[in-house]
Amino acid sequence: MQLLNLTPLDTLIDPHDPALTSTASTSRFATAKRTHLGGELRSSHVGAKVRLGGWVHRTRNLGGIVFLDLRDRAGLLQVSFDPKWTATDVTERAGRLGLETVVMIEGDVAARPTEMRNAEMETGDIEVRARDFQIVGPAETPAIPVARGKGEKLPAEELRLKHRDLDLRRPELQKNLILRHKLQQTTRRFLDDRGYLEIETPILSKPAPSGARDYVVPSRLHPGEFYALPQSPQVYKQLLMISGYDRYCQIARCFRDEDLRADRQPEFTQIDIEASFVGPEDIFSLTEGLLAALWKDAGHSIPPTFERLRYADVMERFGIDRPDTRYALELFDASDAFRGSEFGVTKSVLATGGRVRGLKVPGGTGLSRKQLDEIEGIARSAGAGGLMRLKRGSAGLEGPAAKFLSESGVQRLGVGEGELCLLVAGPEQVTNPALDRVRQDVAKRLALVPENKRSFLWVTDFPLFSREADGTLSSVHHPFTSPHPDDLELLDSQPEKVRALAYDVVLNGLELGGGSIRINDPSLQRRVLSLLGVGAEDAQMRFGFLLNALSAGAPPHGGIAFGFDRLAMVLAGASSLRDVIAFPKTTAARALFEDAPSAVPPEDLRELHLQNMTS
């Protein structure tokens, strides 16, 4: 397609025309080539002469009259070409415009006739009556559609990610990314108002042990040595506190080389916060205020303070440390009901220190045999050996295990009329994940989850350590988390029982962020590293810069980090992180639009001292 030889649009509008200067000059999007974004025009602009630029979203040729929807980042606007106000040759050319062609249009804003107004468009009360236009960006037939009719499905996600430039033109994605921008600005303003300094930390950092793998970058100047891309700015923000900056924040890019899911990306963004001379209450208050400001941006209000539950309690009641508390379906311990019973499954489990736990489902007796089999399959996929089913019908307690229960056992179990009782026997590492999955599935099947309810929760008093299968200890959060001062005496004798000054904020079963008060005593930090199997020499090699800084005088400090991509996803009502990230990776960690990762020429590898990769 060739550019049309038109009179330049710049000459079609008199810059001194009162109709132009009184309205067009009020647009913050005015440039030398346009007066407004089409999607920002409203009834108040009727009578204005405007110059617009955008993409042809949809056309309708009614035989002598042509309508097109012009799209820009502000939305859609109807433009009409009618012999009453448009030259015949201009209307004919408009009728031949292809979708996604970029045009500049000059015309007049007019009110639509009442019967032609479109309540589904924000600009539906008006149109621009075109006098001329120019093609400034010819377009081939798009590889994927940008404009969709009602009920028309999106192309496959892989195809959309391959043609991301077209996919990003969709109004839904543009709305998401504009909201993301607003959330970033609100975050910065909120924290700036409270004295937080936004300080950038390195992207090329020192490799460090962690729960996930580092992305490493070879050094050309130092053969055989590598940088790592940061999994978080954790150590840097602690150094800033030690250096006296008092309050730090950053919207930080982070990287983790781990297996991906719908809510994970290899590179991600987090709101990172750290402050000195604080305790958990300070972080709770700051977080609740920040999240209230972000939710307000999305048009919602939330409670000023959040419920708080200890880690041990949420694990006992829900089986997971990020529970969805919108509904009251909770776990209970049924061990006493089966104690002394000859039922083989429960007898062997109780004899080895395990428990029988489950949940009672009001109205659950209405679930079919097929549905119960599906629920049991979910429990098995989470590690359970099976799922015991009991229900109270007209004949009393029913189910394979019922005949093994004594009268007192039946009473202890306490299954009410019409209730279904689902039980799992085993150690907590089996019952917790299985019953969590069962709880979530049953709640969905029985429509127990309130759609528009937002249930925020603080989970506190996490354990400092977890015991691995080989007997070693690992950090539940990270090795710089402070032990609870009341549990210091247990640090050497019973480290698994030591609580951490750590906390997570949860919404409807999603972890939004987590943080802790940090260790600011170098001797305690060395002690914790030692319990994690990091000897004195190794600790100095890996963390010497931090240990030395702590030894120079460190204030008590702590902070929190939020997954910003996840926050944006929740507030946009999106189903995937990829819908709120401009250029995301697939679940295979590939960027399809640019075909990355890709091979590197052998000569480049040799320059990086990676010759063995060229063989």
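This is a predicted model: local features need pLDDT of at least 70, side-chain atom pairs count only at pLDDT 80 or more; totals for chains, interfaces and linings use all residues.
**Entry 1: aromatic rings**

I searched the whole structure for aromatic pairs and found 10 of them. I started with Trp 295 and Phe 456, whose ring centres are 5.3 Å apart with the planes at 75 degrees, so I noted the pair as edge-to-face. The cut-off I needed here is that planes over 60 degrees apart count as edge-to-face. I then checked where the two partners sit: Trp 295 belongs to helix 7 (residues 280-297) and Phe 456 to strand 17 (residues 456-460). They are 161 residues apart, and the pair links distant parts of the chain.

Next I stayed with strand 17 and looked at Trp 458. Its ring pairs edge-to-face with that of Tyr 503, at 6.1 Å centre to centre and 85 degrees between the planes. Tyr 503 lies in strand 20 (residues 502-507), so this pair ties together parts that are 45 residues apart in sequence. I found both Trp 458 and Tyr 503 to be buried. I also noted that ring pairs join these two with Phe 284 in a cluster.

**Entry 2: charges over rings**

Which residue lies over the face of Phe 190? I found Arg 194 there, 3.6 Å from the ring centre. I found a second case at Phe 332, where the charged end of Lys 360 sits over the ring, 4.6 Å from its centre.

**Entry 3: Thr 352**

I picked Thr 352 next, in the loop between helix 10 (344-351) and strand 13 (355-362). Its relative accessibility is 69%, so I wrote it down as exposed. Its side chain reaches the backbone oxygen of Ser 348 at 3.1 Å. I also looked up Pro 427, which is 75 residues from Thr 352 in sequence but 8.8 Å away in space, C-alpha to C-alpha.

Last, I turned to the second largest pocket, with a volume of about 1,400 Å³. I counted 41 lining residues, and the closest to the pocket centre are Ala 74, Gly 75, Glu 122, Pro 171 and Lys 175. Which helix gives the largest share of the lining? Helix 5 does, with 10 residues. Among the other elements that supply at least two residues each are strand 1 (49-61), strand 2 (66-72) and helix 16 (564-572). By type, I sorted the lining of this pocket into 18 charged, 13 nonpolar and 10 polar residues.

Technical notes. Residues are numbered from 1 along each chain as its sequence is written. Side-chain values use heavy atoms; hydrogens and water are left out. Helices (H or I, at least four residues) and strands (E, at least two) are DSSP runs, numbered from the N terminus. Buried means under 20% relative accessible area, exposed over 50%, partly exposed in between (1.4 Å probe, protein chains only). A polar contact is a pair of N or O atoms within 3.5 Å; within protein, one must be able to donate a hydrogen and the other to accept it, and residues adjacent in sequence count only if both atoms are side-chain atoms. Rings of Phe, Tyr and Trp (its six-membered ring) pair if their centres lie within 6.5 Å; planes under 30 degrees apart count as stacked, over 60 as edge-to-face and the rest as tilted. A charge sits over a ring if NZ of Lys or CZ of Arg is within 6 Å of the ring centre and within 35 degrees of the ring normal. On a 1 Å grid over the protein atoms alone, a cavity is a set of points where a 1.4 Å probe fits but cannot get out, and a pocket is an open set with protein on both sides within 12 Å along at least five of seven lines; lining residues have an atom within 4 Å of a point. Grid points are joined across faces, edges and corners, and a volume is the space filled by probe spheres set on the points. Ala, Val, Leu, Ile, Met, Phe, Trp, Tyr, Cys and Pro count as nonpolar, Asp, Glu, Lys and Arg as charged, and the others, Gly among them, as polar.
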